Structure formats: structure tokens, C-alpha cells
Protein chains: 2
Amino acid sequence: MSDTNTWQGVQEEVRRRIRSREWKPGELIPTESDLACELGCARTTVNRALRELAGAGLIERRRKSGTRVARHPTGRAVIEIPLIRREVEATGARYGYALLSRQIAPPPARVAYALGLPETARMLHLVAVHLADGAPYLLEDRWINLAAVPGAEAHDFTGQSANEWLLETVPVARGELAIAAQPCGEMEARALDVAEGTPVLTLERSTWGPEAPVTFVRLSHMPGHRIVSPIAG
Amino acid sequence: MSDTNTWQGVQEEVRRRIRSREWKPGELIPTESDLACELGCARTTVNRALRELAGAGLIERRRKSGTRVARHPTGRAVIEIPLIRREVEATGARYGYALLSRQIAPPPARVAYALGLPETARMLHLVAVHLADGAPYLLEDRWINLAAVPGAEAHDFTGQSANEWLLETVPVARGELAIAAQPCGEMEARALDVAEGTPVLTLERSTWGPEAPVTFVRLSHMPGHRIVSPIAG
DNA sequence: GACTCAATTATGTGCATACATAACAACATC
DNA sequence: GATGTTGTTATGTATGCACATAATTGAGTC
């Protein structure tokens, strides 16, 4: 499959030349036309191979200037963000869910700031714990912008987690993820049944719809939890 | 730019139809040819638009069966893994580096396990601290497989961090990243100048070369450090 | 009914060609 | 010399066509 007249073959050949330092970091590589000619394939094919390599960060391309080997081949780890239910079920455990608190309240400063909303915004605050085989798995602390998702006010989140309801209901345009290690607060300690101050891996997600901010959620995992993902290089 | 005879335009139109529930999750969408006809462009153009959407996980494609909207549109966060030096310099701070320890030793069980090496393997153990404006930024605890990187034994890592040397020297084929929150150990506490037990965000990376495991590294960030990245959906 | 084997069909890919676009370079103008 | 104008060039994209490949359908056979 290393035929240089398939785009995968061309890509492999280019990778090889970069790995073998035949083309050094920062160096200009031949033009698409030249490569196509040398490898005996169409420019289109070379283009596709190089386009994907550029997407992966291995090379950098600019019109007219040409294509050069990236100076700092930065690896990338892709973290999947599945439904929590599926994440739990993937481990083979039985999934459970319990709503701990539900109230309409103005957001604390850091939530308002993260979403770019005024602190006077009407928001729905939910706290829920997700369970794996009956044991706490993670704590979900969520704020929903009622202006963007009016339907949430009428919805009772005791049966279905906000996680799932929002995904099914609201179109998501973009979001941001922040990962941090934090000492377990009082609320987390009670809900997860661990000692206060224990290091806890927290994920904070802000998501926006087509126009307005939709929700901010903080997920506090059980101590010892690890996020594992392959690195693409 | 929402012309449906550019691939971006077609992609935007498809996204729109999925968002608006015109095409529902799990549902089959028209064939490439039909779409091309309807949108007034070539099949190739539709193909490119859909190919990328499939890559992003928004739709699922199978030959002959056709293309359907993904049932669980799982978001993805892409975490860049730059050189630590660049990560520091990107914040505007002056970068510094100090090697704390360097010795040849057999790996502890968890390192050997992570790389799939026997505990008798000859490895080079490096501990170094990276500095931002003279203050500790993160602690690097690295094990290098000397069988895979014989050159490392002769190399003195006082001037250049292993991070940089390895990237320049060894071709990396694949890797794995694990993110966790851990209580700060004795060594981290001393090196980072924080209290023992403080929650610390740790990244553990295992990387393999074309054949053999190359290195295992654990990066312990300063308390409060956050990894932030956009979510593609 | 169970199995085999072809026909069908949607996606996947390669190619030649054409034109678009960004960026650089060289020249011309004030 | 600074500024603008006009090539030139490499990448970016659209198109029509052909054929490859995988998976499903259905016909034919035991």
C-alpha cells in the first residue's frame, strides 16, 4: 500500500523523508507539481496527501511561498467528550444518576465570566451525581442560561441528566474545555464521599449555541481518575 | 461564502440541516450524487464536504449503505503538546531549565508497565524543573529507554532539556497521554516549592518509536495550572 | 431453508484540466 | 525612498470522468 500513486502512499513517502531527515525541519520541500512528477502521480493526489499532513501539523503551507517541514512538530492529543452515561457504560458498569439540587439563581462571578454573561442573568443551577454500579462516579455542577434555553425552566431533571437533555435539545456551535486539579470542596466531598481537600480532576466546559452562551458545567471526577488518549504525531 | 458550490458552503449547508433537525440523528441522508444535483455542484465537492464531517464525527459513512447523521455527536477537544519552552515563552515569560538528577537505573513497575518493558531494562532517569521567569513552572520526571536511544547515555542534559533533545533526535511514531490530579509528592513539593499533598495536575506521556518504546515522562504542573482548549463539535 | 455467487449501488479514489487566490518580486511612479 | 501596480508562482479548489471497493440485494442452486 506504499504505492506513490495513492494519496496514502504519497503521504507515507513524505512522512518517511521527514523522519529520515532527508527533509529537515524548517526546510522547503519541492512544489506539488515537482513531487507529482517525481512520484508519478497527479498533482491532486499530492495535494491531498500534503493537505492532511498540514492539518496534522507536520508541515506548514503558504501560498506562493511553498511548503516547509514544521519546525516544532507539536503532537496532539484528541480527547473525546462522550455522554457521561456512555462513558460509564463503556467500563461495563451500570449507570446511575441522581439530582441533588435544582434552583434558579444568578451565576457566581467565575461562571458569568466564563460565559461572558452579566451576573444578573437568569440561570438554572443543577447539581447532580453520576453513579457507576451505585458508587459515585462524578459530580456535575451545571449552570444553564435560561435566555438561551427557555425550555430548561419547565424541565425536571430528576430522570434524565442535563448532559443528555441538552445534547438532544440544543444545537451546539462551539465550546471550550479547561482541565485542572483542584482540592475537593465541601460539596464535592459530601457527594463523592471523599475527604475534603483530596485532589480531584475537574473538567470545566463552556458551550455556546449559534448566538448565545448555553451552559457552563464543572465535572469533578473521583480521586485517581485518569483521562487517557492516544497522541497523534 | 455560503455558496453551495464550494465545499465549505456545502459543509455549512449540511451542518445547518443537521442542527435544524431537518436530518435527524441516525437518519440516512441523500447520496452524494443526489446532493450534488440538488445543490448544483459536482459530486467531488460534496464528497470533500462530507468526508471532513465524517472525520469530525458528525456523520457516519459506509459504502453502499450510505451516509447517516451520527447518533451521538461526541465533541472533541484537541490538546496541543508543544515544547515546554514554547509553552512558557508563549505566556511572555523568560524560560529557564535546571537538571536536578540524572542516573541510570531500572524503571519502577509503573514505568515499565506503561512502556511494556521488563523491569530489568536499562533506562536513564532524569528529573528536571522548567522555570518561568525564574519561578518553578513544572517538574519533569523522565525515563528514557537506552536500548531505543543509545545516544542518550552519552548526552549531558544540563544545557538542553530532554524534551527538546528527544524531539530533535528520535522519530516518534505514536504515544499515549494520561491526565490526572495527584497529591503533590515529596520530590514535587521540594522542586516546585509547594506544600506536600497539594493537588497537582500531572500529564503522563508514553511514546514509542517505529519499533521500541522510547520514553515515559511525567509532568507535574504548578498548583492551579489549567489546560485550556477549544472544543470542536 | 441455507448456501453460493453475481448484480447493484454508494462511497472512495485517481486524473487532467481549469481557474481562483494569496503572496512575493520586480518594476514603475510620485 | 515610499508607494502603488503588475506579473509570477505555489497552493487551493471545482469539475467531469473513470474505475476501485465494500456491502447489500436478490437470484439461483443444493
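**Exercise 1.** Into which domains is chain A divided?

*Solution.* This is a predicted model, in which local features need pLDDT of at least 70 and side-chain atom pairs count only at pLDDT 80 or more, while totals for chains, interfaces and linings use all residues. Residues are numbered from 1 along each chain as its sequence is written, and chains are lettered from A and ligands numbered from 1 in the order in which they are written. Chain A consists of domain 1 (7-69) and domain 2 (84-232); the bounds come from an automatic or database domain assignment. Taken over C-alpha atoms, the centres of domain 1 and domain 2 of chain A are 43 Å apart.

**Exercise 2.** Determine the strand order of the open sheet of 3 strands in chain A, and state which strands stand at the edges.

*Solution.* Begin with the terms: helices (H or I, at least four residues) and strands (E, at least two) are DSSP runs, numbered from the N terminus. Two strands pair if DSSP finds at least two bridges between them.
- The order is 1-3-2, with antiparallel pairing.
- Strand 1 (28-29) and strand 2 (59-62) of chain A each have a single partner strand and stand at the edges, so one side of each has no neighbour in the sheet.
- Strand 1 of chain A is joined to strand 3 (residues 66-69) of chain A by 2 bridges; I29(A) has T67(A) as its bridge partner.
- Helix 3 of chain A lies across strand 2 and strand 3 of chain A, at about 115° to strand 2. Such angles run from 0 to 180 degrees between N-to-C directions, with axes fitted to C-alpha atoms, for helices over the stretch in contact.

**Exercise 3.** Is K64(A) buried or exposed?

*Solution.* Locate the residue: K64(A) is in the loop between strand 2 and strand 3 of chain A. Its phi is near 70°, a positive value in a residue other than glycine. Next, apply the cut-offs: with C-beta atoms placed from the backbone, a residue is buried if 20 or more other C-beta atoms lie within 10 Å of its own, exposed if 12 or fewer, and partly exposed in between. K64(A) has 4 other C-beta atoms within 10 Å and is therefore exposed.

**Exercise 4.** Describe how chain B meets chain A.

*Solution.* Count the residues: 36 residues of chain B are in contact with 36 residues of chain A, where contact requires C-beta atoms, placed from the backbone, within 7 Å. Strand 8 of chain B gives the most to this side of chain B, with 10 residues. By class, the side of chain B divides into 21 nonpolar, 8 polar and 7 charged residues. Here Ala, Val, Leu, Ile, Met, Phe, Trp, Tyr, Cys and Pro count as nonpolar, Asp, Glu, Lys and Arg as charged, and the others, Gly among them, as polar. Finally, 7 bridges join strand 4 (residues 75-81) of chain A to strand 4 of chain B, and these strands run antiparallel; G75(A) stands opposite I81(B).

**Exercise 5.** Which residues come nearest to DNA strand C?

*Solution.* A residue is near the strand if its C-beta atom, placed from the backbone, lies within 6 Å of it. Of the 23 residues around DNA strand C, T6(A), W7(A), C41(A), A42(A) and T31(B) come nearest. Helix 3 of chain A provides the largest share of this surface, 4 residues. The surface near DNA strand C comprises 3 nonpolar, 10 polar and 10 charged residues.

Notes:
Two residues are in contact if their C-beta atoms, placed from the backbone, lie within 7 Å.
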